[in-house]
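Here is a short briefing on one chain. Look over the sequence and the structure before reading on.

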Amino acid sequence: MTAAEKAMELADKFRIIEHGEPSNIFYETLSKDAAKQCALITVDEILSGTGLLTYIEYWQDVKTEIEKL
């Protein structure tokens, strides 16, 4: 998966949020900007917590792609 594809996947995962109990589920839709901010927070957490240098460049590219959304 390319960095651009991962960026879109992460942002899309935050667009629709499921709430409630199994018998009473409802959904909340976030704006594109709110979903983008959530995705950026996620990537910042990954970059600050990882000790695996091989993945840092990939996640930095993903962050750049999220910012372009």
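**A buried lysine without a partner**

Lys36 is buried but makes no salt bridge. The nearest side chain of opposite charge belongs to Asp33, 5.5 Å away. The model is predicted.

**Setting of Lys36**
- Lys36 sits in helix H2, which covers residues 32–49.
- Beyond its neighbours within four places in sequence, Lys36 contacts Ile66, Glu67 and Leu69.

**Aromatic pair**
- One aromatic pair turns up in a search of the whole structure.
- Tyr58 and Trp59 form that pair, edge-to-face, at 5.3 Å centre to centre and 75 degrees between the planes.
- Tyr58 is partly exposed, at 25% relative accessible area.
- Trp59 is buried, at 16%, because the cut-off for buried is under 20%.

**Fold and dimensions**
- The chain holds three helices and two strands, in the order α-β-β-α-α along the sequence.
- Its radius of gyration is 14 Å, whereas a compact globule of 69 residues would have one near 11 Å.
- The C-alpha trace spans about 45 × 25 × 20 Å along its principal axes.
- Buried residues account for 22% of the 69 residues.
- Of the contacts between residues at least 6 apart in sequence, 48% join residues at least 24 apart.

**Confidence**
- Mean pLDDT for the chain is 87, and 91% of the residues score at least 70.
- Helix H1 (residues 3–13) has the highest mean pLDDT among the elements, 94.
- Strand E1 (residues 16–21) has the lowest, 83.

Methods:
Residues are numbered from 1 along each chain as its sequence is written. This is a predicted model: local features need pLDDT of at least 70, side-chain atom pairs count only at pLDDT 80 or more; totals for chains, interfaces and linings use all residues. Side-chain values use heavy atoms; hydrogens and water are left out. Helices (H or I, at least four residues) and strands (E, at least two) are DSSP runs, numbered from the N terminus. Buried means under 20% relative accessible area, exposed over 50%, partly exposed in between (1.4 Å probe, protein chains only). Lys and Arg count as positive and Asp and Glu as negative; His and the chain ends are not counted. A salt bridge is a side-chain nitrogen of Lys or Arg within 4 Å of a carboxyl oxygen of Asp or Glu. Contact means heavy atoms within 4.5 Å. pLDDT is the predictor's confidence in each residue, from 0 to 100. Rings of Phe, Tyr and Trp (its six-membered ring) pair if their centres lie within 6.5 Å; planes under 30 degrees apart count as stacked, over 60 as edge-to-face and the rest as tilted. The radius of gyration is taken over C-alpha atoms; the globule rule is 2.2 Å times the number of residues to the power 0.38.
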